[in-house]
Amino acid sequence: MKKEYRRAVLKALESTKDQKPEILTEADILHLPGQVQKYLRLVGVVGKEKINNFRAEFRGGIRSGPAEKFMSLRSVQYNFVKDPVRLFHIVATKMGIPAIGNHIYRDQKATMVIKILGLFTVSDARGWQMDQGETVTVFNDMCFIAPASLIDKRIEWKETDPERVSARFTNGGISVTADLIFNTKGELVDFISTDRFETTDGKNYFNYPWSTPVTGYTEINGYHLPVGAKLIYKHPDGNFCYGEFTLVSLEYNCRAYR
């Protein structure tokens, strides 16, 4: 699983090695809604390099059902912006037994494979629900982890009220929508979409509203960014928080695998 993930990252890095980051200026953000402009200035992207890719590490917990306890997890991911690619590797542990997963999104297609001990497959998810759902995840990452990428012309914006903006992100033939919620400081504090599907086995999919409320902000590498978030599906009988993630490290415009 880890070797497969490493090969995918190396291939993506090789294909983007000639991309040269430019400086993001005030002129680059003028087409955005006022609330999004305020957010980008607040997080500190203006005057710094535009983002071609990023690497992020997280720690936290994850579970597959409301009655279950959280399994401890660690994850690492590489995202690439121009032709969206998201390569996510996760290791979750329960009673000392590791579950290892690769979420691969490239060429507008997504897969999620999870194996116990890296050997026994418990989930192999693919198909249009995964393709659409992971497009939502890619857009969510852009909003919270790589806000400089919100200048992307594939995003259509609509201001709905002073603290809420609606957006449509299109990658090839897939379009997804989300509501971005801001606080009075201008920080992005939640992201809500009805275009992401819940599945634990890759066979059964459920379409519930998906929300990622932020648990706080921190200063990292000269940026003011979310330090963590909860992952929630809004079930008819109440909210189901299936994940809690805390940012450990972040690197923009990576040149090598690590």
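This is a predicted model: local features need pLDDT of at least 70, side-chain atom pairs count only at pLDDT 80 or more; totals for chains, interfaces and linings use all residues.

## The largest pocket

The largest pocket holds about 1100 Å³ of space. Its lining is made up of 50 residues. Those that lie nearest the centre of the pocket are I62, H103, L231, Y242 and F245.

Helix 4, which covers residues 128-144, supplies the largest share of this lining, with eight residues. Sorted by class, the lining of the largest pocket contains 29 nonpolar residues, 13 polar ones and eight charged ones.

## The largest cavity

Rolling a probe the size of a water molecule over the atoms shows where empty space is left. In this structure there is one cavity of 30 Å³ or more. The volume of the largest cavity is about 60 Å³.

The residues F54, N79, F80, V81, P84, V138, D141 and M142 line the largest cavity. Two elements, strand 2 (71-80) and helix 4, each give two or more residues to this lining. Helix 4 contributes the most, with three residues. By class, the lining of the largest cavity has six nonpolar residues, one polar residue and one charged residue.

## Helix 4 in both linings

For the largest pocket, helix 4 provides eight lining residues, and for the largest cavity helix 4 provides three.

Terms used
Residues are numbered from 1 along each chain as its sequence is written. Side-chain values use heavy atoms; hydrogens and water are left out. On a 1 Å grid over the protein atoms alone, a cavity is a set of points where a 1.4 Å probe fits but cannot get out, and a pocket is an open set with protein on both sides within 12 Å along at least five of seven lines; lining residues have an atom within 4 Å of a point. Grid points are joined across faces, edges and corners, and a volume is the space filled by probe spheres set on the points. Helices (H or I, at least four residues) and strands (E, at least two) are DSSP runs, numbered from the N terminus. Ala, Val, Leu, Ile, Met, Phe, Trp, Tyr, Cys and Pro count as nonpolar, Asp, Glu, Lys and Arg as charged, and the others, Gly among them, as polar.
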